[in-house]
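Subject: Structure handover and what I found

Hello,

Here is the structure I promised to pass on. Please open it next to this email and follow along.

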Amino acid sequence: MAIPKLRAVGRNEQSQKPAVPKTVTVAATDGSRRELLVAMRSRVATAVEDPNTPARDLAALTRRLMEIAKDIEVLDVKDAEEADCGAANDETFDAEAI
């Protein structure tokens, strides 16, 4: 995941507060697939780091964490490709051709 570059806020511009991550329940109810995956990743990562998590569960939790991270990456690549494709199509659009 790319880290956004920091810059000074312009004179007529307001700073943006970072979005508060959704819980798994909220993301499952009214979030996007990506928001649900991000919430699940956070929840599973918390369980993996918890010293009270039984050792027998760590392998399955770690495997699931990696699967979720891969699913998020796939969605991000797909979204980036669609954005690039949309931008390319916009540049070649000729309104007079209609």
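Below are the ground rules, followed by the findings.

**Ground rules**

This is a predicted model, and residues are numbered from 1 along each chain as its sequence is written. Local features need pLDDT of at least 70, side-chain atom pairs count only at pLDDT 80 or more, totals for chains, interfaces and linings use all residues, and side-chain values use heavy atoms, with hydrogens and water left out.

**Confidence**

pLDDT is the predictor's confidence in each residue, from 0 to 100. The chain averages 85. A score of at least 70 is reached by 84% of the residues. Among the elements, α2 has the highest mean pLDDT, at 96. The lowest mean belongs to α3, at 88. Where pLDDT is low, the predicted coordinates should not be read in detail.

**Overall layout**

The chain has 3 helices and 0 strands. Helices (H or I, at least four residues) and strands (E, at least two) are DSSP runs, numbered from the N terminus. The order from the N terminus is α-α-α.

Of the 98 residues, 10% count as buried. Buried means under 20% relative accessible area, exposed means over 50%, and partly exposed lies in between (1.4 Å probe, protein chains only). The accessible surface of the chain comes to about 8,600 Å². Carbon and sulfur atoms account for 56% of that surface. These areas come from the Shrake-Rupley method with a 1.4 Å probe; for residues, only the protein chains shown count as cover.

Contact means heavy atoms within 4.5 Å. Take the contacts between residues at least 6 apart in sequence: 40% of them join residues at least 24 apart.

**The core**

Which residues make up the largest nonpolar core? There are 6: Leu37, Val44, Leu65, Ile68, Ile72 and Leu75. Helix α3 gives the most, with 4 residues. By definition, a nonpolar core is a set of buried Ala, Val, Leu, Ile, Met, Phe, Trp, Tyr and Cys residues joined through side-chain atoms within 4.5 Å.

Look at Ile72 in particular. Leaving aside neighbours within four places in sequence, Ile72 is in contact with Arg34, Leu37, Val38 and Arg41.

Met40 lies in helix α2. With a relative accessible area of 22%, Met40 is partly exposed. Beyond its neighbours within four places in sequence, Met40 is in contact with Val24, Arg64 and Ile68. The C-alpha atoms of Met40 and Ala27 are separated by 9.0 Å, and the two residues are 13 apart along the chain.

**Salt bridges**

The structure holds 5 salt bridges. A salt bridge here is a side-chain nitrogen of Lys or Arg within 4 Å of a carboxyl oxygen of Asp or Glu.

Start with Lys22. Its side chain meets that of Asp30 at 3.8 Å, N to O. The side chains of Lys22 and Glu35 also meet in a salt bridge, at 3.3 Å, N to O. Lys22 lies in the segment before α1 (24–30) and Glu35 in helix α2, so this pair ties together parts that are 13 residues apart in sequence. Lys22 is partly exposed because its relative accessibility is 32%. Glu35 is partly exposed as well, at 33%. Asp30, at 53%, counts as exposed.

Another salt bridge joins Arg56 and Asp57, with the closest N and O atoms 3.8 Å apart. Arg56 is exposed at 69% relative accessible area. Asp57 is partly exposed at 29%. Salt bridges that share partners join Lys22, Asp30 and Glu35 into one network.

**Two threonines**

Is Thr53 buried or exposed? At 14% relative accessibility, Thr53 counts as buried. Thr53 lies in the loop between α2 and α3. Setting aside neighbours within four places in sequence, Thr53 is in contact with Ala47, Leu58 and Leu61.

Thr25 sits in helix α1. Thr25 counts as exposed, at 59% relative accessibility. The C-alpha atoms of Thr25 and Ala39 are separated by 8.7 Å, with the residues 14 apart along the chain.

Best wishes
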